[in-house]
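Dear colleague,

Please find the structure below, together with some notes on what came out of it. I would be glad if you read them with the model open beside you.

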Amino acid sequence: MKRVRLERFKSIFLALLIALSLTQLGILWYYQNHRFPISFLSSLYSMLNHDSPPDISRLKDEVILPTRILVSDEYTISRWLLGSEDRYFRELAIEAFSYIQTVLNDDFRQQPEKLPASRWSELSKPFVFEFSTPMNKEVIRFLSNIRKSEAPNAPDGIFRMAIAPWTDQNERNTLYFLYGDTIYKYTVPFIRNRFDRKAYENIFTLLIKDRGQVRYNLYRDIDPRKALGYPIIPEVAIVVKEPDEIQLPALAGYTPESITLKYNENGDPDPSSIAKTLLGSDLKNFDPPETDSEGTVTLKNANNIYKQYKNGLMEYTYWSQVPGENRGQLMNALEKAFAFIAEKQEMIDKSPNYRLALTGIGISGDGRYHVFSFNYIVNGYPVVLTQGAGDESGSRNGEEGQSESTGSEQDGTAEENGSGGTESEKNNAAGAKRVVDAVTIHVNAQGVASCRWYVRSFHVETGSDHVSGDRQANTDEDNEGRSIASVSLEDGGQDLYNISFDKFLEGYKIKYGELKGNTEANITDMRIAYMADANSADSGLKPIWIIEMAGKDGEKSYRFIEMPVGEEG
């Protein structure tokens, strides 16, 4: 009997030792890797350590917003392009999001009518919502917080969405979703407590009365038979009538103070504030920070390394190879990527005066990682970060290596079929500039493997002075109480720019040669943007046209034309 008791005691004692060993292993793994080999230990230690996951809701709200909305009055051939700072944008964005939620619901039983993508330009589309990259159904579910729904009748993804309130003769709304080679058409009831047909008509009425609002045409409006000879697809928006000038704020970008290297009274670099900003409470688990002669700050432990360069570039790398070849599910990879970005964003700048757009979703060249790219949008306009053609890896600016191939090489190409390839690095056709994404992040089932982030804040420039822009949190709520955020800078310097089609053609001819009759060019999109130098910690942003062109093989390339100043500018 005593022997039985002794054996039972030994068993219990051994089980306790094993449990304590696993707990200790989990703690050491957490400190070194930011990962646990066993998931329940991760949850247990997080509870004991009072860790809470970063809030990614704001980042989701920003990413799901369309980059712009095209409003078209087919009767008067009047069209308006609305950015996130324009009137009516947020209300229309919420309207679109409400219908996206409808078709993603498991209870939505209507099967779509499928049309070929080639018919997109033929459809009557009073309200078109353009997104920054093709997003498949899984991505949309993640951004919409509808994780459990199978969405059996939803479109396979979204790149463009259109609402056509007057197409159906009954009291129903018509929706179109363009993704890949297919248009998905639905006819659904108007959503209760949202827009009815009268509300849509009021948008037209108010825009028509606003004489200062620039009116656009689609290229097909002025050249329906393609007789003019310009290689431009029918859906490209252009300005051919007055007013053809707009005011754009004079913007400047700068590296946030929290990650700017400081020097002590002896002139020696003091990287402590950067270390505290990037690592937070994890600082104690890292070696003392190092600073090289170029001002690059390195933070590392056994398995993780951060590098903060003087030009604002922040690089994170998981030193050890991320275990396993499992790329994991896309939705889980998005969760990890968003959590990493939201956490660092909160540490660096709690009130950023920009929003991030998801501009690329792809797979690394070796197939081991999901790759996501993000870019800045400021005051409703995208920001294009460029490097000179000679600014390669290991340059004086401190860049020590490029992200793994994501399906688009440095020839200006990017896949936009919703199945692979990010817009991670693009050159314009002249080869003078190389475009880099603001954020590129590699993730697999185990966690974040690497991240490259050109960290910036933005402010309005007035003359030679720099006036810091304050973030105004203008939010609306949709019918589910979900916040749709927008970001604006306070009023500052404003310059007048001419955006007419004639001025565009003049600028294109000066920089690239005659566009008319050019069989090598095929313009698929053009929009107003700002250009900034990725390698400069503090630089002014120039208003530009960014021109998207499709090659014969379907790959994309990009050209840039500086925006001409208006007559009153």
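Is Asp221 buried, partly exposed or exposed? Asp221 is partly exposed, with a relative accessible area of 23%, where buried means under 20%, exposed over 50% and partly exposed in between, using a 1.4 Å probe and protein chains only.

A word on the basis: this is a predicted model, in which local features need pLDDT of at least 70 and side-chain atom pairs count only at pLDDT 80 or more, whereas totals for chains, interfaces and linings use all residues. Residues are numbered from 1 along each chain as its sequence is written, and side-chain values use heavy atoms, with hydrogens and water left out.

Asp221 forms a salt bridge with Arg79, the closest N and O atoms being 2.8 Å apart; the term stands for a side-chain nitrogen of Lys or Arg within 4 Å of a carboxyl oxygen of Asp or Glu. This pair links distant parts of the chain, since Asp221 is in helix 7 (residues 219–222) and Arg79 in strand 2, 142 residues apart; helices (H or I, at least four residues) and strands (E, at least two) are DSSP runs, numbered from the N terminus. Arg79, at 1% relative accessibility, counts as buried.

Strand 2 (residues 78–82) has five of its five residues buried, so it is largely enclosed by the rest of the structure. From this strand Ser78, Trp80 and Leu82 point one way, while Arg79 and Leu81 point the other. Strand 2 pairs with strand 1 (residues 68–73) in the antiparallel sense over five bridges, pairing requiring that DSSP finds at least two bridges between the strands, and Leu82 is the bridge partner of Ile69.

By the rule above, the count comes to 20 salt bridges. Glu235, which at 22% relative accessibility counts as partly exposed, meets Arg220 in one of them (2.9 Å, N to O) and Lys125 in another (3.6 Å, N to O). Lys125 is buried, with a relative accessible area of 4%.

With best wishes
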